[in-house]
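I opened my notebook to look up a few things in this structure. Here is what I checked, entry by entry.

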Amino acid sequence: MKELISVKDKVILVTGAFGLIGKEISTAFLDGEAKVVLADINANAAETIAQEFGAKYSADSFLVQVLDITSEESAAACMEAIVAKFGRLDVLVNNAAIDAKFDKQGTSAVNASRFENYPMELLRKSVEVNLTGTVLMTQHACRQMLKQGSGNIINVASTYSMVAPNQQLYDFGDGAEIKYKPIDYIASKSFIPNYTRYLATFYAKDNIRCNAIVPHGIFNDHEEKFLKNFARMSPLGRMCNREELNGPFVFLASDASSYMTGSVLSVDGGWTAW
Ligand SMILES: NC(=O)c1ccc[n+]([C@@H]2O[C@H](COP(=O)([O-])OP(=O)(O)OC[C@H]3O[C@@H](n4cnc5c(N)ncnc54)[C@H](O)[C@@H]3O)[C@@H](O)[C@H]2O)c1
């Protein structure tokens, strides 16, 4: 079993790797003796990430890359660097995404988070990164995987790829204006499950698998009033601890999931079960 559920020596690219989930799963892959490429658009954090990971892991086991998944040049340069260092790419984790922030101060007269008011430029931006960027990065990875004759893609979806947000989650009953979960995230993440099925069937004969993980509500020092609402609506009654994603990601990246392709694996504490 230890050998089966293993990522040892697999070359794994994690996009959005400097963020909450990306950093956590990159650490888990490295602990599992994989070769990990941590790639993210946040150039300011690259040096700190390199130092942090360099203190724990050997320099030949990881690579830090500044990557913009919406840019052809950047994606090509990232793939070039991966092949130069590790010779191949076994697993792509399409994790990078934006969750647009809007009118945080609430100073505007209109509630911009409401559907009828939501700014089109924010919608376009989310689609550009979460949809177009994800496709673009996958194209670059697939060219390499086709050359190798093997590959494995893990897309990161969301419960909001599957169901509508329950907007009551954001209503704290304190009379304050509700900041709704806006349309851009739902629009741009809803494509992930069917994109997963598209890739899985398109590349099935090329020995490239594709599956998705559906995380939900990763705890990140949320306010008490949010935690209370969340607990009431969640079957498991709590948010997800970030390390609870590691098992599902390692499983899908490993050969233990070799007969799985086109599947959408919920890791949501039962959120979409009722
Ligand atoms: N946190 C949650 O509760 C949650 C729940 C469900 C799904 N997700 C999904 O998990 C994934 C990671 O989310 P997170 O919570 O870690 O978010 P995060 O904001 O902490 O991390 C996202 C990372 O992506 C990077 N990024 C943004 N645009 C990029 C681009 N153009 N190119 C490369 N990198 C870019 C950011 O710099 C950031 O480091 C996303 O796909 C998100 O939709 C998160």
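Where is the place of Met-1? I found Met-1 in the segment before β1 (11-15). I am working with a predicted model.

**Entry: the start of the chain.** I looked up how open Met-1 is. Met-1 is exposed, with a relative accessible area of 71%. I then noted a nonpolar patch on the surface, formed by Met-1, Leu-4 and Ile-5. Together these residues have about 320 Å² of accessible area.

**Entry: salt bridges.** I counted 10 salt bridges. I looked up some of them.

Glu-52 pairs with Lys-23, and their closest N and O atoms are 3.0 Å apart. Glu-52 is partly exposed at 40% relative accessibility. Lys-23 is partly exposed too, at 26%.

Asp-31 forms a salt bridge with Lys-56, with the closest N and O atoms 4.0 Å apart. Asp-31 lies in helix α1 and Lys-56 in helix α2, so the pair links parts 25 residues apart in sequence. Asp-31 is partly exposed at 48%. Lys-56 has a relative accessible area of 55%, so I wrote it down as exposed.

I also noted Glu-177 and Lys-179, whose closest N and O atoms are 3.1 Å apart. Glu-177 is partly exposed at 42%, and Lys-179 is partly exposed at 25%.

**Entry: cysteines.** How many disulfides does a search of the whole structure find? I got 0. For Cys-78, the nearest cysteine sulfur is that of Cys-142, 14 Å away. For Cys-142, the nearest is that of Cys-210, 8.0 Å away. Cys-78 is buried, with a relative accessible area of 1%. Cys-142 is buried as well, at 2%.

**Entry: helix α6.** I checked the length of α6 (residues 191-202). Its 12 residues should span 16 Å at 1.5 Å a residue, and the end C-alpha atoms are 16 Å apart, so the two values agree. Among the buried residues of α6 are Phe-191, Ile-192 and Pro-193. The buried residues of α6 pack against α4 (120-148), β5 (151-156), α5 (183-189), β6 (208-215) and β7 (264-267).

**Entry: Ser-234.** Is Ser-234 buried or exposed? I found Ser-234 buried, at 4% relative accessibility. Ser-234 is in the loop between α7 (224-233) and α8 (246-253). Leaving aside neighbours within four places in sequence, Ser-234 is in contact with Gly-269, Trp-271 and Trp-274.

How values were computed: Residues are numbered from 1 along each chain as its sequence is written. This is a predicted model: local features need pLDDT of at least 70, side-chain atom pairs count only at pLDDT 80 or more; totals for chains, interfaces and linings use all residues. Side-chain values use heavy atoms; hydrogens and water are left out. Helices (H or I, at least four residues) and strands (E, at least two) are DSSP runs, numbered from the N terminus. The expected span of a helix is 1.5 Å times one less than its number of residues. Buried means under 20% relative accessible area, exposed over 50%, partly exposed in between (1.4 Å probe, protein chains only). Contact means heavy atoms within 4.5 Å. A disulfide is a pair of cysteine sulfur atoms within 2.5 Å. Patches are made of residues with over 30% relative accessible area and no salt bridge: like charges are joined within 9 Å, nonpolar side chains (Val, Leu, Ile, Met, Phe, Trp, Tyr) within 5 Å. Accessible areas come from the Shrake-Rupley method with a 1.4 Å probe; for residues, only the protein chains shown count as cover. A salt bridge is a side-chain nitrogen of Lys or Arg within 4 Å of a carboxyl oxygen of Asp or Glu.
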